[in-house]
Amino acid sequence: MTGKKEVNIGTRLGSMIFDHFIMTMIAMVFFIPMMIKSFLNAFTITHEQTEMDFGGPLLYVAFFGFALYFCKDIVNGRSIGKRTTQTQVVDNNTGQVASPLKCFIRNIFCVIWPVEVIVTLTNPSRRIGDRVAGTKVVPYDPINVEQPKFDIKKAILPFAISYGILLLFMLPFQALKPAFSKIGYIETSYNSKESKELEKLFADSLGQNLNASVKVYDKIQNQNLKYISVIYMLKENYLADESSSDQLRQVTDQLLYSKYPKETFTGQAKYVFKSDGSMQVSSNRIGTKISKTKK
């Protein structure tokens with residue numbers, strides 16, 4: 001009978017290792033959009049206000065890959081690895097195909113994958129996840145075990161739970177994210193004349209050290225201040241050590257404040273050094289600190 005059949009250690013380990021490799025590759029596919037965005041942003045310098053966003057909205061796309069990892073057996077208890085090794089997850093009591101929810105529960109324990117491998121060496125049919133979910137792994141037997149038609153409605157719940165767990169896991173990291181609020185400057189208040197004048201001031205005074213791109217806005221929402229954004233393209237790597245970097249900031253800030261007193265504006269400064277195949281960027285607030293506003 002099917003219930004008395006057991007899967008051997010070699011087959012079981014082969015299935016686990018193959019599944020781990022395949023599902024990791026599938027999960028990484030969902031990270032590609034975030035990696036492309038990060039790569040493009042790494043070599044694109046704009047006057048946009050930047051913050052540490054841990055991948056931004058695309059991070060939630062990446063989570064789909066890991067959610068799938070925990071749901072790898074929900075199609076009739078047979079992951080890619082189990083289909084390759086001709087095995088299947090069944091209910092330990094009835095011997096029938098395990099439900100998608102039970103398959104999900106057993107796979108939560110993949111987070112302790114090395115421990116599960118050790119347990120599998122002593123009992124190939126039932127690792128820790130199987131004992132908690134009430135399942136076991138047996139040789140695939142379509143003759144004696146009814147193979148129900150896949151019901152996507154039953155698969156939605158475990159996938160939703162899996163995705164939700166990942167979101168909860170991210171909450172502590174989001175809490176540690178540095179506080180950041182964009183300064184709500186009025187785009188129509190852009191002052192082309194003053195922007196060019198400030199660029200000329202930097203060119204005349206520090207042209208041998210850097211090129212400056214400047215944007216000056218005359219108005220900020222709910223504030224009687226200007227908004228100034230400066231991008232310093234460095235000709236030498238003054239960012240290589242802390243002392244030279246601090247000295248550079250002092251010189252540029254002093255020159256900037258000579259034209260615009262600190263209390264008259266707020267904004268950001270970006271220091272950029274490009275070399276063959278690499279780029280260093282450092283940024284900081286300039287001018288006076290203001291209360292949080294929304295753009």
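This is a predicted model: local features need pLDDT of at least 70, side-chain atom pairs count only at pLDDT 80 or more; totals for chains, interfaces and linings use all residues.
Visitor: Which helix gives the largest share of the lining of the largest cavity?

Guide: The lining includes Arg-12, Ser-15, Met-16, Asp-19 and His-20. Other lining residues include Tyr-69, Lys-82, Cys-110 and Trp-113. The largest share is five residues, and these come from residues 9-29, which form helix α1.

Visitor: How many residues of that lining are charged?

Guide: Among the lining residues are Lys-72, Arg-106 and Arg-127, and Lys and Arg count as charged. The lining also holds four nonpolar and two polar residues. The number of charged residues is six.

Visitor: Is Ser-282 buried or exposed?

Guide: Ser-282 belongs to strand β6, which covers residues 278-287. Its relative accessible area is 19%, and the cut-off for burial is under 20%. Ser-282 therefore counts as buried.

Visitor: Which side chain joins that of Ser-282 in a polar contact of 2.2 Å?

Guide: Beyond four places away in sequence, Ser-282 touches Leu-239, Arg-249, Ala-269, Lys-270 and Tyr-271. A polar contact requires N or O atoms within 3.5 Å. The pair at 2.2 Å links the side chain of Ser-282 to that of Arg-249.

Visitor: What is the relative accessible area of Thr-252?

Guide: Thr-252 is placed in helix α10, residues 242-259. Apart from neighbours within four places in sequence, its contacts are Phe-202, Leu-206, Leu-210, Tyr-232 and Tyr-271. Thr-252 is buried, and its relative accessible area is 0%.

Visitor: What percentage of the residues in the protein chain is buried?

Guide: The chain contains ten helices and six strands. It exposes about 16500 Å², of which carbon and sulfur atoms supply 62%. Of its 295 residues, the buried part is 41%.

Visitor: Among contacts between residues at least 6 apart in sequence, what percentage joins residues at least 24 apart?

Guide: A contact here means heavy atoms within 4.5 Å. Of the contacts in the protein chain between residues at least 6 apart, those joining residues at least 24 apart make up 71%.

Technical notes. Residues are numbered from 1 along each chain as its sequence is written. Side-chain values use heavy atoms; hydrogens and water are left out. Helices (H or I, at least four residues) and strands (E, at least two) are DSSP runs, numbered from the N terminus. Buried means under 20% relative accessible area, exposed over 50%, partly exposed in between (1.4 Å probe, protein chains only). Accessible areas come from the Shrake-Rupley method with a 1.4 Å probe; for residues, only the protein chains shown count as cover. On a 1 Å grid over the protein atoms alone, a cavity is a set of points where a 1.4 Å probe fits but cannot get out, and a pocket is an open set with protein on both sides within 12 Å along at least five of seven lines; lining residues have an atom within 4 Å of a point. A polar contact is a pair of N or O atoms within 3.5 Å; within protein, one must be able to donate a hydrogen and the other to accept it, and residues adjacent in sequence count only if both atoms are side-chain atoms.
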